[in-house]
Amino acid sequence: MSLKGLFNARWPGVALFDLDGTLVDSAPDLAAAVDQMLEHLGRSPAGLDKVRHWVGNGAGILVRRALAGKTDWEPARAKDDALFHDALTIFYHAYGQLNGRHSVVFEGVTECLWHLKALGCRLAVVTNKPDQFVQPLLKQTGLDHWFELAVGGDTLAVKKPDPAPLLHAMEQLGGTRGTTVMIGDSAADVNASLAAGIPCVAVRYGYNFGGSVDSLGADAVVDSLAELL
């Protein structure tokens with residue numbers, strides 16, 4: 001099914017949005033926090049380009065990748081777990097101070113949200129970002145008033161690509177599989193949508209660990225959310 005042009009008076013009734021890489025380019029703040037963490041540990045900074053490829057599976061995996069210096073990090077040994085927990089604490093502190101400082105809303109997002117709201121669509125954020133950082137980022141970027149609900153990485157016991165966060169948000173907003181769409185930028189978003197049985201739009205401008213989203217199986221792939229209008 002092609003979703004292009006189908007954001008109309010009949011559909012969708014509920015729209016679920018990923019946050020980092022879909023609504024907001026938050027990589028500059030995340031990279032700054034990662035680099036502060038690494039420097040505190042006596043390591044070289046990773047830099048923005050690398051961190052863009054590491055975002056998408058929550059703060060814990062981001063820190064694991066930063067410590068390993070690569071996307072495909074190896075399962076930690078016992079002695080590495082202590083380092084990880086120290087590093088995560090440092091990252092949380094740094095990111096709490098930086099969250100939203102240099103983040104910007106992607107082009108086409110506001111137009112899409114205006115259009116959906118005008119249709120009476122109910123909107124939610126479903127992200128793997130830790131709960132404590134979600135609302136501050138939405139508020140800092142001026143997006144908080146659009147969304148009735150935000151499901152973060154700690155809201156449930158599982159994160160995307162598990163379908164539970166999508167299904168939870170859908171049910172909370174009174175949606176069904178036939179009236180709900182997920183909009184995201186990564187394999188985690190698309191795989192969660194497929195597992196939930198919900199149509200999915202993938203955006204090309206996001207992170208997705210540095211890979212292309214075109215072959216992930218989304219119902220539509222766009223360069224801007226404005227293309228859906």
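Visitor: Which residue follows helix 7, and what is its phi?

Guide: Glycine 174 comes after helix 7, and its phi is positive, near 75°. Before we go on, please note that this is a predicted model, where local features need pLDDT of at least 70 and side-chain atom pairs count only at pLDDT 80 or more, while totals for chains, interfaces and linings use all residues. Residues are numbered from 1 along each chain as its sequence is written, and side-chain values use heavy atoms, with hydrogens and water left out.

Visitor: What makes a stretch a helix or a strand, and how many of each are there in the protein?

Guide: A helix is a DSSP run of H or I with at least four residues, a strand is a run of E with at least two, and both are numbered from the N terminus. The protein has eight helices and eight strands.

Visitor: What is methionine 170 in contact with, leaving aside neighbours within four places in sequence?

Guide: Contact means heavy atoms within 4.5 Å. Methionine 170, which is found in helix 7, is in contact with Leu16, Gly175, Thr176, Arg177, Thr180 and Ile198. Its C-alpha is also 8.4 Å from that of alanine 124, 46 residues away along the chain.

Visitor: Which elements cover the buried residues of helix 7?

Guide: Those buried residues are Pro165, Leu166, Leu167, Ala169 and Met170. Their cover includes strand 1, strand 4, strand 5, strand 6 and helix 8.

Visitor: What makes helix 8 "mostly covered"?

Guide: Seven of its ten residues are buried; Ala187, Asp189 and Ala192 are among them. The buried residues of helix 8 pack against helix 7, strand 6 and strand 7. Just after helix 8, glycine 197 takes a positive phi of about 75°.

Visitor: Why are some residues said to form a nonpolar core?

Guide: The name is for a set of buried Ala, Val, Leu, Ile, Met, Phe, Trp, Tyr and Cys residues joined through side-chain atoms within 4.5 Å. The largest such core has 55 residues, and Phe17, Phe91 and Phe147 have the most contacts inside it. Helix 4 (residues 78-98) gives the largest share of this core, eight residues. A second, separate core has 15 residues, including Leu149, Met170, Ala192 and Ile198. In soluble globular proteins, nonpolar side chains tend to be buried together.

Visitor: How do you know that alanine 66 counts as buried?

Guide: Its relative accessibility is 6%, so alanine 66 falls in the buried class. The residue sits in helix 3, and beyond four places in sequence it is in contact with Val34, Met37, Leu38 and Trp54.

Visitor: Why is the peptide bond from lysine 160 to proline 161 called cis?

Guide: Its omega is near 15°. Proline 161 lies in the loop between strand 5 and helix 7. Most residues other than glycine have a negative phi, and most peptide bonds are trans.

Visitor: What is the phi of asparagine 208, and what is that of phenylalanine 209?

Guide: Asparagine 208 has a positive phi near 45° and is not a glycine, while phenylalanine 209 has a positive phi of about 55°.

Visitor: What makes asparagine 208 buried and phenylalanine 209 partly exposed?

Guide: Asparagine 208 has a relative accessible area of 7%, so it is buried. Phenylalanine 209 is at 23%, so it counts as partly exposed.

Methods
Buried means under 20% relative accessible area, exposed over 50%, partly exposed in between (1.4 Å probe, protein chains only).
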